[in-house]
Every structure is written in C-alpha cells, then in structure tokens.
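Load the model in your viewer and keep the selection panel open. The stops below say what to select next and what is there.

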Amino acid sequence: MSRPMVIPLPSLRACALGLVLLGMSIAGGEAQARSATARIARVVTPAATLEGVRVRLDWPASAASGELRLQAARLDAPDLGYRFRDVDWRCPLQRDGRGGWRCDGTVRSGRGAPFRLAIDIDDAGTDARLVRGDSSIAVRRDARTPDVTRIDLARVPLAWTQALLAPAWPDARLTGGDGDAEFRLATPSGGPVRLSGPLRLRGLSLDTPDGTIAAQGLGARLKVDVTFGPRTVVDLQGQLIGGEALFGTTYLALEQRPVDVSLRAEALAGGGWAIPRFAWSDGGLLRATGSARIGDGGGLDALTMQARSDDLSTLRDGYLSGWLGSAGLSALQLRGSADANLTVAGSALQTAELALHDADVDDPDGRFVFDGLDGEVRFSGGAPVDSALRWRSGALYGLAFEGSRLAFSSADGLLRLREPARVPILGGTATFDHLSLRPRAGERGMELEFGLSLDELDVGQLAKTLDWPAFTGELTGVIPSARYANDQLQFDGGLSMGVFGGQVQVSALAMERPFGVAPTLSADVAFNDLDLEALTGVFGFGAITGRLDGTLAGVRLVDWTPVAFNAELHSDRDAARRARVRQRISQRAVQNISSVGDASFVTSLQGQLIGLFDDFGYRRIGISCALADEVCTMDGLGSAGEGFIIVEGSGLPRLTVVGFNRRVDWPTLLERLAAVGSGDVKPVVE
C-alpha cells in the first residue's frame, strides 16, 4: 500500500521512529498473518520527510511477539539541517500488557555506528529512547498535546548536532564536548518548529577551516529558545563557564570564571544574521552590551557596542592577549579602568571612543611607560569630534619624560592632533608638530604620520640613561614627516647631534616592526670635526689629539644588534689646523689600535727607543670596517705589502701602524673593544 501520513515527531534522529505506528497498525489488522509488508513513497511530518519507506513485520502464528523492520532510503529535516540515508531499524515488536506496544532494537544509518532505539506507545502517548554508550536521547509525546514533544539529552556528543549548526554557520566544525538538555519541541500544524529549554555544555570545542575562529573547553549553562523556519530566531541566556576562544586576533581566556551572557539572533533572508541585542558580563573585568549584524560569509558587517572594565590589570590575560601579542606587546602591564564605545558599518569602523581613568601602561621590555593616563580619544568616520588625553609622566626606552597633553580632532576616518604637543624630556623638548592616524579598514592596514622636533636634549642625560660612556653635548633635529604603514616606519629629514665639539648627522632613518618581534632599524650616520681628545678620553682609549670625520653607511640593526654597516673613520688634518690642534697619538692609543685591528707598528728608530716616548706625531689616521655575516672586512689609509696602513706617522720618532688581518670576526672585535674600554689591554712595545 502507499499513503501519505503526517506524524508529529520529537527529534531528527527519532523522525523515522514514528514509523513504528505503521507497523503496529499492521500487527493490529493482520495479527494472524506470518508476515506483512508496506511500501510508502513518502511520509511527511512537521519536522522531517521520509522517502522510500519499507515496513515489514514477521509475526509467526500464535507467537507473543513479532519482528519489525523499518527502512527509509532518505530522511530529510531541512529546517534543522539533518539528512540521513539508508535508515534501518529492527526490533522485536510486542504488547506491553497494558494495551500498548513496545519495540527495542538496533538502528543504523548508512555506515555509521549503530544506536539502540526503544519505543513505547500506548493510549497516553509515545516514549522513545535512543542510546549509544553513555549518551542518550529520550523523547516523550503526550497524546493530549500531540503538537508538543519533550526531549531529554544526557551526555550527547556535540558532534551529533553538527547538522543542526550547519544551516546557521556552515564553516563551523564541532570537534569536542558533550551536553545535557531538557528541550520542549513544538510542531504546531501550519506553524514553525520551536525548540526551547535549559542546556548544559561541557568541553565545547570547534574551529573553522581558515583557523580564524576556534574554541576549546567551553562550558555553559543556558536557556535556549530557537524558532526554525524561513526566518530562524535564536534566544540564548545564561552563563559561560571556563574555556578559551579565538575570533581573529581576539583571544578570550575565561579560565573558570562564570560569564553572564544573553543574545538574540535572527536569520536574514539573504544570508547572515542580525543580532538586535547582546550582553556580556564578566564581573568587573569586562561588561559589554550592543547589537551586530553578521554577513553571509561570517564577517562583521555592523556593530554597536558599549564596554567597561573596572580593572585593566586582569583585562590583558582575559581579552587582550591576542591583539597585544600580534603587536609584540604580549607582556604589557595595565592598571586603572576604562570605558569604550564603537560602531562599525559596512565592515568599516565608523566611531570609536576610549576613555581612560587614571590608567598606567607599562611595557616590561622597557620600550615605553605611561603613568596617570586620563582623558578620551575619540574617532569619527564622519562628523568632526574633539577629545584630549593627558598623562603625569612616562618613559621611552628608559628615557624619562614629563607629563603632557594631546589634543585630538577626528573626522572622515582620520584622527589627528589639533595643535602641536610638547613633551619635556632630557632637559629639552620633543614636539610633535603634527600627527594623524587612519585605522585599519578592510585590506588596508593602519597608517600613521607625524612630524617631530627635538630641541636641546641633553646628550649627557641620554648617555647616563642608556649606560653609555659619559658623552656630553646637545641633541637637536627635525623629522618633518614620519610615516608608518605595513609595519614599516619611514622618516624624512634627519637628526643632528652636537657632541665632542663636532656634529653627528643621522639620515635615511627607517624601522620595521617598531613594536613587534625583532624590530629592525636602518640609517646612515655622518661624523664631522669630532674632537679626538675628548672622544678618546671618554672611552679610555688612550689620548689622541686632532679632529675626526667619518661615516656609518647602510647601518642595519635587528633587535638592536648590528648586523650590517660600512664604517669609515679618518682624521681631518685641515680641521685640526683650523682649531690649532697638534696631531699626536699616545703610546697607549697605539697599543689599543694594534690590539683591536690585529696590527703592529714600526718606526724609523730602534725598537728599544720607542719606550722612551709617551706620544708620537701622526700625519693621518684611517680605518674602515664593512660588516656582513658577522665578519668585519677591514681596511685603512692604503696598502702596505699584504697589510693596510692605519696610522701614518709624522716627525721623529716616525711611527706607522699596519693592520694585517683584513677579515675579523665581529664578536671577537666587540670583545677587543670592550677590553680596551675596561683597560684590560696592557701596553706592549714591539
């Protein structure tokens, strides 16, 4: 026989179970027959549709029970996302002695592992229980309320609900966890399917193919209310308990803190979701409310959010470690409190506001410190808004600076300074003449541009802070424009530093990953008319009088360690004459030059007479080093056989220093320079 039927059914996997009613009707009408078979083209229910259905009952004459077999070629529940093939259930069908029927046996779908399925049907209603191991789904449908089914889940693996999740989130893959639930499934005639009730999750784990979204070990106690249909609506309310999650660069570590959550989401006709409200409350750590819209591809199309943290000190580990880690600031220490508001439209940031309340920011790696941050920073993608941020004190790479104030204006997606900002530092002033910032949008990364002026910074204070030798002088310079984009910082202009009676000019300055891992700096440095006597006195090198010029071209530092440069230093005889300074070099300086440069010295007199002189006249001094692959290729004023001249003598006793090793290991050279600076090199006359 072939006939359509409508049977209210309790769950996806249990949808086929309602076919036992057909078997019972056969048993009731043909109990004396040894076997009966029914073929049904389609069975339609509010939750699912079955096709290619076969029912066979074998009931020997005068036997107390028979064997029922139900098969379906297809079982589809499109609203819930389930599709099964080759469903097959066998069980012994028997009366329960109370006017009802019972059938308990094994059910399979395709090549999947079997379940144990038991169904009890009487005048009061239908009970079904699907079991595999410790997991079970129990279903109860009361005959008095046939449109309502109760579903109890116990330790059900969340992977079983993959098909239920797929229509709402196709890319998500459930990889672990289980749950309990007491659901009420309503399947009214002509109305949408509605699932509601309490749900408890343990160890929820999921990910997406691109790895941008993942969760592990999440627990939850939730009240769920889902209406399925053309416009699916989801209401969630309850608590998340422990676990961790990743959303792009946002990493959440909930540990074992209970977080109150609520959310309403509505499926959009063209794909994606509208979230008219959400709320998140993690104690004083973070509270957030707002609304959002998720696009068909899973991207954030729109967002309005208000958030507050009463304790920034714990916010980093709970919520900010992903963002800070990508910026190379994973160990950043925060204190104080903050409020934030933002809106996103068309996947682009429209407005953002960050208000800090007596906040401290401290980078343990020593790159920067801000104490007493107070005020607001407001960003606008449209109409102009103003704000201001101030601090009590701070430090940059150990260089302390005093309190100051930044006055901002923002419009059309650009944040800029309204007026120059002056920061007292090192006895002078650093002035940001202009500053503008354009946040990241789409494929375009963050862009920053600023101009900086340095006026009369005390080089002595700088040297003391950085544990340099006791340099003296002033640092003055202008960087008309510096631009940060694609994790690179490019500088226009340069810096000029007055030290040792001369000038040091820095140009072609650039940085990569300035706040990231292994920051890289490149520059060109020029020295002009440095007083050699003052310079060698500071380094304890031995006395040399005269003037020094030179260059450090193509300097490249990785994580502040030199890896490449072309250095050339030479005496300037004309400058020495203009300054009326004699060109003399002490015996100790000669010995130190010889030690550092693998050199020796020769004179026009007997070697034993050299010890009688404290210093010597020289005509020229010159040395160069090209650093690459931790090897310094050395040269000097010119060739001397197989060697190169470092010091060319003048007068009597006439002394010339010649280097012979043109390739010197860079770490070895640094050790020699350190030994010279500490005075460990002892003068030796050869």
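Start by selecting Phe 450, which is buried at a relative accessible area of 11%. Here buried means under 20% relative accessible area, exposed means over 50%, and partly exposed lies in between, with a 1.4 Å probe and protein chains only.

Before moving on, some conventions. The model is predicted, and residues are numbered from 1 along each chain as its sequence is written. Local features need pLDDT of at least 70 and side-chain atom pairs count only at pLDDT 80 or more, while totals for chains, interfaces and linings use all residues, and side-chain values use heavy atoms, leaving out hydrogens and water.

**Aromatic pairs**

How many aromatic pairs does a search of the whole structure find? There are eight. Phe 432 and Phe 450 form an edge-to-face pair, because their ring centres are 6.0 Å apart and their planes stand at 65 degrees. Phe 432 lies in strand β25 (residues 428-438) and Phe 450 in strand β26 (residues 447-458), so this pair ties together parts that are 18 residues apart in sequence. Next, select Phe 565 and Trp 666, an edge-to-face pair with 5.4 Å centre to centre and 75 degrees between the planes. Phe 565 is in strand β33 (residues 561-571) and Trp 666 in helix α9 (residues 666-678), so that pair links distant parts of the chain, 101 residues apart. Both Phe 565 and Trp 666 are buried. Then display Phe 370, Trp 391 and Phe 401, which form one aromatic cluster.

The pair criterion takes rings of Phe, Tyr and Trp (its six-membered ring) with centres within 6.5 Å; planes under 30 degrees apart count as stacked, over 60 as edge-to-face, and the rest as tilted. Helices (H or I, at least four residues) and strands (E, at least two) are DSSP runs, numbered from the N terminus.

**The core**

Now select Leu 68, Trp 89, Trp 280, Ile 544, Ile 585 and Val 647: these have the most contacts inside the largest nonpolar core, which has 156 residues. Strand β12 (residues 213-228) gives the most to this core, with eight residues. A nonpolar core is a set of buried Ala, Val, Leu, Ile, Met, Phe, Trp, Tyr and Cys residues joined through side-chain atoms within 4.5 Å.

Centre the view on Ile 544. Leaving aside residues up to four places away in sequence, Ile 544 touches Leu 532, Glu 533, Thr 536, Arg 584, Ile 585, Ala 589, Ile 593, Tyr 618 and Ile 621. Contact means heavy atoms within 4.5 Å.

Select Asp 358 in strand β19 (residues 348-362). Asp 358 is not a glycine, yet has a positive phi of about 45 degrees, and is partly exposed, with a relative accessible area of 42%. Ala 508, in strand β30 (residues 502-512), also has a positive phi, near 50 degrees. At 47% relative accessibility, Ala 508 counts as partly exposed.

**Whole chain**

Finally, zoom out. The protein chain has nine helices and 41 strands. Of its 686 residues, 43% count as buried. Among contacts with a separation of 6 or more, 46% come from residues 24 or more positions apart.
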